[in-house]
Amino acid sequence: MITLTICTINVPGIASASAQEAKSLKIAMILWRGETRVEDGFRAYFADRDIPVDLQIFDIGRDLERIPDIISEIRKDPPDLVYTWGTGVTSRVAGKYDQVDPAQNITDLPVVFVMVSSPWKTSIAAPAGQTRPNVTGATHIAPLPAQIQAIRAYRPLTKLGVVYNSQEDNSISNVEDLQALGAEMGFEVLTAPLGQAEDPSPDDIGPAVSDLAKRGADILYIGPDNFIGTYRDVLTEAGFTNGLAAFSATELEVRDGQAMLGLVSRYELVGRLAASKVESILLDGVSPSNIPIETLERFSYLINFASARKLEMYPPLSLLDYAEIIK
């Protein structure tokens with residue numbers, strides 16, 4: 001069953017002239033796993049500006065096969081704009097730039113995405129010099145060199161261990177980029193792909209982590225991977241068993257999970273960035289093709305102190321000057 005929630009944000013107060021004149025913005029939000037802090041930031045952006053927004057929430061519950069029915073539902077009463085969460089959802093809703101099917105993909109409404117880690121590598125974004133007429137968005141991953149530098153600021157790194165779902169395009173792309181970067185920055189990427197013969201199982205994670213430990217991994221890397229994100233505690237517990245800390249490129253695994261450290265975009269700020277693009281499209285009349293796909297300019301260095309204590313891997317004192325400690 002598709003979960004549909006309709007809510008209107010219209011905070012009392014003195015609205016700006018543009019908000020007074022504008023009708024409520026109707027936005028369909030297609031979400032991977034329900035609302036997150038990204039959506040909190042998205043809502044807050046409009047609330048802070050007294051811009052009325054009618055949000056129709058479609059939660060696919062991690063089941064991409066629900067998307068065709070959602071698109072059919074949206075077409076019965078079209079919104080002003082469609083918001084999509086994650087690579088899988090966005091790829092199904094908007095299509096890849098060179099494989100768009102108007103019968104299956106949304107082509108006649110603006111689409112603003114969030115939490116797409118590699119929009120160019122996964123062909124959601126058009127190549128350099130080209131644009132998509134109805135698609136833009138906010139990505140959330142810090143540049144890979146900065147991530148590696150963040151790990152090395154905590155401890156030495158020569159072998160990076162990655163457990164990932166080989167059926168996710170964004171995960172494959174991330175691993176390929178890490179391998180290319182490893183050649184430049186002097187570290188080896190030890191991979192443990194899951195799901196090569198059949199759908200991955202959480203039971204596969206523990207043995208994969210154990211294998212990486214035996215191969216000499218210095219740390220586990222959690223990239224933008226929906227499967228690993230779902231079973232993040234299984235991964236980090238296996239890491240504890242094998243004496244391996246985990247680094248995460250996304251906030252949730254450190255703040256709400258047990259990854260020891262991460263260089264991340266704050267989810268609320270990603271939502272606000274996406275909301276600013278929606279405002280440009282729906283209130284300022286800017287075409288999505290003229291709005292760049294962007295990430296945040298600044299990232300947060302998070303340390304989960306409980307995990308550091310469990311592994312007896314305490315952070316260097318120099319990191320305490322700027323890291324956020326999660327207790």
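What is the volume of the largest cavity? The largest cavity has a volume of about 40 Å³. The model is predicted: local features need pLDDT of at least 70 and side-chain atom pairs pLDDT 80 or more, while totals for chains, interfaces and linings use all residues. Residues are numbered from 1 along each chain as its sequence is written, and side-chain values use heavy atoms, without hydrogens and water.

**Cavity**

On a 1 Å grid over the protein atoms alone, a cavity is a set of points where a 1.4 Å probe fits but cannot get out, and lining residues have an atom within 4 Å of a point. The volume is the space filled by probe spheres set on the points, which are joined across faces, edges and corners. The lining includes Val-162, Tyr-164, Ser-171 and Tyr-221. Helix H6 (169-185) and strand E7 (159-165) each supply at least two lining residues; helices (H or I, at least four residues) and strands (E, at least two) are DSSP runs, numbered from the N terminus.

**Aromatic pairs**

The whole structure holds 7 aromatic pairs. Rings of Phe, Tyr and Trp (its six-membered ring) pair if their centres lie within 6.5 Å; planes under 30 degrees apart count as stacked, over 60 as edge-to-face and the rest as tilted.

| Pair | Centre distance | Plane angle | Class |
|---|---|---|---|
| Tyr-221 and Phe-247 | 5.8 Å | 20 degrees | stacked |
| Phe-227 and Tyr-231 | 5.1 Å | 55 degrees | tilted |

Tyr-221 lies in strand E9 and Phe-247 in strand E10, so their pair ties together parts 26 residues apart in sequence. Ring pairs also link Phe-42, Tyr-45, Phe-46 and Tyr-83 into a cluster.

Technical notes: 1 Å grid on protein atoms, 1.4 Å probe; cavity = no way out; pocket = protein on both sides within 12 Å on 5 of 7 lines; lining within 4 Å.
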